[in-house]
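Please open the model in a viewer and keep the selection tool at hand.

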Amino acid sequence: MQKKSWRTLAAVRKVLTCAICSIALLALFSFSKVPNFSDPVKLPTLDDSSGILETKKLWKPPPGLNFVPCVEPSPSYTSPTESRGYLLVHTNGGLNQMRAGICDMVAVARILNATLVIPELDQRSFWKDSSNFSNVFDEDHFINALANDIKIIKKLPKELATGPRAVKLFRSWSGMNYYQDEIARLWEEYEVIRASKSDSRLANNNLPLDIQRLRCRACYEALRFAPQIEAMGKLLVNRMRSFGSYIALHLRFEKDMLAFSGCTQDLSSAEADELRIIRENTRYWRDKEINPIEQRSRGFCPLTPKEVGIFLSALGYPSSTPIYIAAGKIYGGDSHMADLRSHYPILKSKETLASVEELEPFTNHASQMAALDYIVSVESGVFIPSYTGNMARAVEGHRRFLGHKKTISPDRKALVGLFDKLEQGTLEEGKNFSDRVIEIHRKRQGSPRKRKGPVAGLKGKEKLRSEEPFYENPLPDCLCRKEFPVQTTL
């Protein structure tokens, strides 16, 4: 009986072995077919996955290192005491130069213990914009938001409107002592002090922390755009986002910029002559004779639209990338935009995103149109300025304040050398060129760092002028590292 059961068990084992072998052979032959990757449903290859990761990296902001806004005043900060007089301010320049000046004058009013009269906007500059403060900014919000810092009124009292006043051009980049001593002495004779200019009248550094934080509260909290501008700006942002993550490109290829800088790259001789005549006839532009080749080689010229297209391609942005052109009227129009458009066909602007009727309230008002560009630029996935001007600095600083959103600052001097080699045929667009461009800009993407001080060896005004502007980088004064609670295990 036992011998029979052993024979049965052996037979069962043979059957099971044959079955397993058959299954294995079937599996082997069924998977030996090479998959057809031309099928409509394509499995991602290693290269595809790598491409997705690379694309995500293009939009990834730099590490924020836990920096968050910290603009609250210190415990010893007091509400404004009885005012010593009134501060009138005539702002100067374009939108962002005026914004910085207004915020500085808020701090100056605090230092002088003055009542600030709503500043006058510049209506005599190159743009001839008739906008007043309430056309561009939310006047009531500005007054109320700073009520615990300074007193602000909309107009001088009638009895002082035609009275004597001290008209003063405040010294550039001045500190506490200048205002507390030299300017405050004017209160002994006058009830009204008028600042004839507002730009760069306050030092970037070496001011009390409460004054620096007041500048940030004024800039990033109190000085809000007028409701109609804010609403239109948000509409433009939403329309841009409908195309996906977008780059805001501050393309300084406008007539005034090119005439002022003396740059002629990619221009015809007739265009260069037109710009030279504008420069010579603009009284308040000091530099009349400018060597455009030298200017460009030193990195003092804005990138041209053609150069921007090459630059973005080298960084790895695909041709499907939506780009918002934050600028006024591009000099030469379509003729100079063709190269950039051939690289990136999804080029948008406020004029193409909105109808003529929607833009009509802002048209012919350069400051209001610039405010729309500012809003769309601050909210973009990536911000890239083709030139380091007042708007580029203001937007970069605001994006740093909001969490170090990605801002790529082109190294124009280094790029010019590479572009010239492309032109001469000693270098070609491709991996080698792209690697060099990426490496140059690895540390130029808006990551947290302290504001740069003066260039070594300079003295006087040139030393102060060389400092990084306060509103370009409000760290360390208005950004602090967030402390996370220590996790303990039981």
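Begin with helix α13: its buried residues pack against β7, α10 (269-281), α12 (305-315), β8 and β9. Contact here means heavy atoms within 4.5 Å. Helices (H or I, at least four residues) and strands (E, at least two) are DSSP runs, numbered from the N terminus. The model is predicted: local features need pLDDT of at least 70, side-chain atom pairs count only at pLDDT 80 or more, and totals for chains, interfaces and linings use all residues. Residues are numbered from 1 along each chain as its sequence is written, and side-chain values use heavy atoms, with hydrogens and water left out.

**Helix α13**

Select residues 334-343, which form α13, and colour His-336, Met-337 and Leu-340, the buried residues of this helix. Seen down the axis of α13, these buried residues fall within an arc of 85 degrees, so they line one face of the helix. The arc is that of the directions from the helix axis to the C-beta atoms. On the other side of α13, select Asp-334, Ser-335 and Ser-342, which are exposed. Buried means under 20% relative accessible area, exposed over 50%, and partly exposed in between, with a 1.4 Å probe and protein chains only.

**The four-stranded sheet**

Next, display the open sheet whose four strands follow the order β9-β8-β7-β10, with parallel pairing. At its edges are β9 (347-348) and β10 (382-385), each of which pairs on one side only. Two strands pair if DSSP finds at least two bridges between them. Select β7 (residues 247-250) and β8 (residues 323-325): these strands run parallel and are joined by three bridges. Within them, Leu-249 stands opposite Ile-325 in β8. Axes are lines fitted to C-alpha atoms, for helices over the stretch in contact, and angles run from 0 to 180 degrees between N-to-C directions.

**The five-stranded sheet**

Move to another open sheet, in which five strands are arranged as β4-β3-β2-β6-β5 with parallel pairing. The edge strands β4 (152-153) and β5 (166-168) each pair on one side only. Four bridges connect β2 (residues 86-89) with β6 (residues 192-195), and the two run parallel. Tyr-86 stands opposite Val-192 in β6. Helix α3 lies across β2, β3 (115-117) and β6, running at about 160 degrees to β2.

**Asp-104**

Stay on helix α3 (residues 95-112) and select Asp-104, which lies in it. Is Asp-104 buried or exposed? Asp-104 is buried, because its relative accessible area is 4%. Leaving aside neighbours within four places in sequence, Asp-104 is in contact with Arg-201, Leu-202, Arg-215 and Tyr-471.

**A pocket and a cavity**

On a 1 Å grid over the protein atoms alone, a cavity is a set of points where a 1.4 Å probe fits but cannot get out, and a pocket is an open set with protein on both sides within 12 Å along at least five of seven lines; lining residues have an atom within 4 Å of a point. Grid points are joined across faces, edges and corners, and a volume is the space filled by probe spheres set on the points. The second largest pocket holds about 530 Å³ of space. To find this pocket, select Lys-57, Lys-406, Ile-438, Arg-442 and Gln-445, which lie nearest its centre among the 21 lining residues. The largest cavity holds about 80 Å³; its lining includes Phe-253, Arg-296 and Val-416.
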